[in-house]
Amino acid sequence: MKKKLTGSILILSLLLNIGLIYKFFYQGEKVTVKEDGRSEIRMSGQNREYVMSEMRSFLESVQKINEGIAKNDPDLIASVGQQSGTCKVNAVPQGLVKSLPFEFKQMGFGTHELFDEMAKMTKEKYNRQQIQLKMNELLNNCVVCHKTYKITAEIQ
């Protein structure tokens, strides 16, 4: 009887944890489609400022990597790629991940990973053309995101 009860509690706990992970990390909040066809993501003002700052940082990194490609400077590309890679994900404010729809999270994490890939490619076997192709893939993420989403702050 005791083993049955322990097993049942374990299964219940596992299912509850899976449900919570899905709710808070994958599903995210519902978005509404605005008149311009973009989905509106509503979040706290502080989280919105963080996301906007992150996007400005992406743009600065893209400019620096492009400069590295133009000057044939693999060290600059690798340095900037590392700074904007997945290491930045650890600084996400509390509550932000929950407020984002799954597809937005995929694009965001994918963009960080592309910066990592460019840094790695540059260190392992530098090829300007291959880096430029990755840069184009990264910029496509930016374009798709800005065409798809509008981020607004909730009124407190």
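This is a predicted model: local features need pLDDT of at least 70, side-chain atom pairs count only at pLDDT 80 or more; totals for chains, interfaces and linings use all residues.
The expected span of a helix is 1.5 Å times one less than its number of residues.

H2 has 26 residues, so the span should come to 38 Å, and the end C-alpha atoms, 37 Å apart, agree with that. The helix runs over residues 45-70.

Now, which residues of H2 are buried? The list is Asn47, Val51, Met52, Glu54, Met55, Ser57, Phe58, Ser61, Val62, Ile65, Gly68 and Ile69. And what covers them? The cover includes strand E2 (39-43), helix H3 (74-83), helix H4 (96-99), H5, helix H6 (128-148) and E3.

A pair of aromatic rings is described by the distance of the centres and the angle of the planes. There are two aromatic pairs in the structure. One of them joins phenylalanine 58 and phenylalanine 115, with 5.5 Å from centre to centre and 35° between the planes, a tilted arrangement. Phenylalanine 58 sits in H2 and phenylalanine 115 in helix H5 (residues 102-124), so this pair ties together parts that lie 57 residues apart in sequence. Both phenylalanine 58 and phenylalanine 115 are buried.

The other pair is phenylalanine 104 with tyrosine 149. Why is that pair called edge-to-face? Because the planes stand at 85°, with the ring centres 5.3 Å apart, and planes over 60 degrees apart count as edge-to-face. Phenylalanine 104 belongs to H5 and tyrosine 149 to strand E3 (residues 149-153), so here the parts tied together are 45 residues apart in sequence.

Histidine 112 is buried, at a relative accessible area of 7%. From histidine 112 to glutamine 82 it is 30 residues in sequence, yet 9.2 Å in space between the C-alpha atoms.

Let's turn to charges. Side chains of opposite charge can pair when their charged atoms come close. How many salt bridges does the structure hold? There are six, and I'll walk you through some of them.

Aspartate 36 pairs with arginine 38, and their closest N and O atoms are 2.8 Å apart. Aspartate 36 is partly exposed, at 46% relative accessible area, and arginine 38 is also partly exposed, at 22%.

Next, arginine 48 meets glutamate 49 in a salt bridge of 3.7 Å, N to O. Arginine 48 has 24% relative accessibility and counts as partly exposed; glutamate 49, at 44%, is partly exposed too.

Then there is lysine 134 with glutamate 137, where the closest N and O atoms lie 3.5 Å apart. These two are three residues apart in helix H6, which means that about one helical turn separates them. Is lysine 134 buried or exposed? Lysine 134 counts as buried, because its relative accessibility is 18% and the limit for buried is under 20%. Glutamate 137, at 39%, counts as partly exposed. Finally, Glu117 joins Lys134 and Glu137 in a network of salt bridges.

How values were computed: Residues are numbered from 1 along each chain as its sequence is written. Side-chain values use heavy atoms; hydrogens and water are left out. Rings of Phe, Tyr and Trp (its six-membered ring) pair if their centres lie within 6.5 Å; planes under 30 degrees apart count as stacked, over 60 as edge-to-face and the rest as tilted. Helices (H or I, at least four residues) and strands (E, at least two) are DSSP runs, numbered from the N terminus. Buried means under 20% relative accessible area, exposed over 50%, partly exposed in between (1.4 Å probe, protein chains only). Contact means heavy atoms within 4.5 Å. A salt bridge is a side-chain nitrogen of Lys or Arg within 4 Å of a carboxyl oxygen of Asp or Glu.
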